[in-house]
Amino acid sequence: MTGRLREGPPRPVRHSAVLGISARTDYAVRAMLALADARAASAEHLTSELLARRQSLPHKFLGSVLLELRVAGLVTSRRGPRGGYVLARPAAEISLGDVFRAVDGPLAEVRGLRPQDTAYEGVAEHLPAVWVAVRSSLSEVLDGTSLQDLLDGDLPPHVASLVDSSEQAGG
């Protein structure tokens, strides 16, 4: 695999107790991709109903997600018969990290603290360094991948190499 996104049916989702991607974030990214696609096709505003239908999302829940995206300045909205939502800036200028933070807050917290603000004694004294590295890795992937990258199906090289490494390791 060279960085192109895999064609074909989606892989089954594996859930992890360690790090999860919330439904809120998943829905937000999918809605943003639908808006990016509409923008690329020179479409007008998309209603929340249409976005929900295009991505098979629960409409009521998506409405609250879209509000958070609007408050964060990632989308704009317009009322009326030709109303709906559009991206506030080009898809190439909106990272996945922007979307994650808009709906779920900081990328990585440990019991509500920033990783560098944690402290442990004894055998766990060096654990905060790992939490900082986890946050840094998440940031590198999410902030380094734009909606446009996903829309084009062409992951940035550093992200593609992580995908390749994961596939070779079987996980």
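## Ground rules

The model is predicted: local features need pLDDT of at least 70, side-chain atom pairs count only at pLDDT 80 or more, and totals for chains, interfaces and linings use all residues. Residues are numbered from 1 along each chain as its sequence is written, and side-chain values use heavy atoms, with hydrogens and water left out.

## The overall layout

The protein chain holds seven helices and two strands. Both kinds of element are DSSP runs, numbered from the N terminus: helices are H or I with at least four residues, and strands are E with at least two. Starting at the N terminus, the order is α-α-α-β-β-α-α-α-α.

The chain has 171 residues, and 32% of them are buried. Buried means under 20% relative accessible area, exposed means over 50%, and partly exposed lies in between (1.4 Å probe, protein chains only). The accessible surface comes to about 10,600 Å². Carbon and sulfur atoms own 55% of that surface. These areas come from the Shrake-Rupley method with a 1.4 Å probe; for residues, only the protein chains shown count as cover.

Now look at contacts, meaning heavy atoms within 4.5 Å. Take those with a separation of 6 or more: 63% of them join residues 24 or more positions apart.

## Helix α5

Helix α5 has 17 residues. Its first and last C-alpha atoms are 24 Å apart, close to the 24 Å expected at 1.5 Å a residue. The expected span is 1.5 Å times one less than the number of residues.

Pro128, Leu138 and Leu142 are buried in α5. Down the helix axis, the buried residues of α5 fall within an arc of 85°, so they line one face. The arc is taken from the directions from the helix axis to the C-beta atoms. Helix α4 is included in what covers these buried residues.

## Helix α7

Helix α7 covers residues 157-168, twelve in number. The helix reaches 16 Å from first C-alpha to last, close to the expected 16 Å. Val159, Ala160 and Asp164 are its buried residues. Viewed down the axis of α7, the buried residues sit within an arc of 140°, so they too line one face of their helix. They pack against α5, residues 127-143.

## Salt bridges

The whole structure contains four salt bridges. A salt bridge is a side-chain nitrogen of Lys or Arg within 4 Å of a carboxyl oxygen of Asp or Glu.

One of them joins Asp26 and Arg30, at 3.0 Å from N to O. The two residues are four apart in helix α1 (residues 23-40), so about one helical turn separates them. An α-helix has 3.6 residues a turn, so residues three or four places apart point the same way. Asp26 is partly exposed at 32% relative accessible area, and Arg30 is partly exposed at 23%.

## Two more bridges

Arg89 and Asp98 also meet in a salt bridge, at 3.1 Å from N to O. Arg89 is partly exposed, with a relative accessible area of 26%. Asp98 is partly exposed at 24%.

Another salt bridge pairs Asp143 with Arg101, and its closest N and O atoms are 2.8 Å apart. This pair links distant parts of the chain, 42 residues apart. Asp143 lies in helix α5, while Arg101 lies in helix α4 (residues 96-104). Asp143 is partly exposed at 32%, and Arg101 is partly exposed at 34%.
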